[in-house]
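My entries follow the structure itself.

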Amino acid sequence: NLDIYRKAVASGATLTARERYYYARELFFNGFMSDAAVEFSGFLDMPDGFYVNKIDACVMLSRCFSSMGDAQSALAAAFRSFVYGLPTGEACCEIGGIYFARDDFKRAAYWYECATRAKPDMDSGAFVDLSAYGFTPLVWLTVCYDRLGDVKKAFRFHKRARKLRPEHSSVA
């Protein structure tokens, strides 16, 4: 797919919003983070495009910037997703992860807790990572509260994560 998009772009084709979004995803999943960031940004600047794709593009753009070491732009991209809809578990986990990497465990915990309260929209046609609404933020909340010295709260989140995936190495 990536080669098809690259050939189309090289031949001067103008990609529709949908095509640009999927081209950016292909670039991302093939490890071309800088190119993917350019394409996600271009897609987000287009007036058309499905709102769930815009939300996902913001999250993916955040991941691009994080992988390139630009935490401030990563935060801005994740927060931009709120322009297009309610906060998603995916966006909240991205924000939590950025704060966690800064050792700001209180803010990280806040955003991971938001992820656990977000509701996945299974009927929207969006790419939904169900773990971003339960297991993943619960594991990170365990670590955050442990780092904050609140072992009781950490253990409560650990038990919730263990209930969801008891055999996972993070909770075993």
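Predicted model: local features only at pLDDT ≥ 70, side-chain atom pairs only at ≥ 80, totals over all residues.

**Helix packing notes**

I began with the pair formed by helix 2 and helix 3, and I noted that helix 2 passes helix 3 in a left-handed crossing. On the helix 2 side, I listed A17, R20, Y21, Y23, A24, R25, L27 and F28 as making the contact, and on the helix 3 side M33, D35, A36, V38, E39, F40, G42 and F43. Sorted by class, I found eleven nonpolar, one polar and four charged residues in this contact. I then looked up the geometry: the two axes are 8 Å apart, and helix 2 and helix 3 pack at an angle of about 160°. An angle over 145 degrees counts as roughly antiparallel, and helix 2 and helix 3 are therefore roughly antiparallel to each other.

**Helix 3**

I next looked up helix 3 by itself. Helix 3 covers residues 33-45, and its 13 residues reach 18 Å from first C-alpha to last, close to the 18 Å expected at 1.5 Å a residue. I recorded M33, A36, A37, E39, F40, G42, F43 and L44 as its buried residues. These buried residues pack against helix 2 (17-29), helix 4 and helix 5 (71-80).

**E39**

**Helix 4 and helix 6**

I turned to helix 4 (residues 51-67) and helix 6 (residues 89-101), whose axes come within 10 Å and cross at roughly 20°. That makes helix 4 roughly parallel to helix 6. I recorded the crossing of helix 4 and helix 6 as left-handed. V59, S62, R63 and S66 of helix 4 make the contact with E90, A91, E94 and I98 of helix 6.

**W140**

My last entry concerns W140, which lies in helix 8 (residues 135-147). I found W140 at 33% relative accessibility, and W140 thus counts as partly exposed. Which residues does W140 touch, not counting those up to four places away in sequence? I noted F100 and Y112. I also looked up W140 and A109, which are 31 residues apart in sequence and 7.7 Å apart in space, C-alpha to C-alpha.

Key:
Residues numbered from 1 in each chain as written. Heavy atoms only, no water. Axes fitted to C-alpha atoms, helices over the stretch in contact; angles between N-to-C directions. Helix = DSSP H or I, 4+ residues; strand = E, 2+ residues; numbered from the N terminus. Parallel < 35°, antiparallel > 145°, perpendicular 65-115°, else oblique. Left-handed = near helix turned anticlockwise from the far one by under 90°. Contact = heavy atoms within 4.5 Å. Expected span 1.5 Å × (residues − 1). Buried < 20%, exposed > 50% of the residue type's maximum accessible area, 1.4 Å probe, protein only. Nonpolar A, V, L, I, M, F, W, Y, C, P; charged D, E, K, R; others polar.
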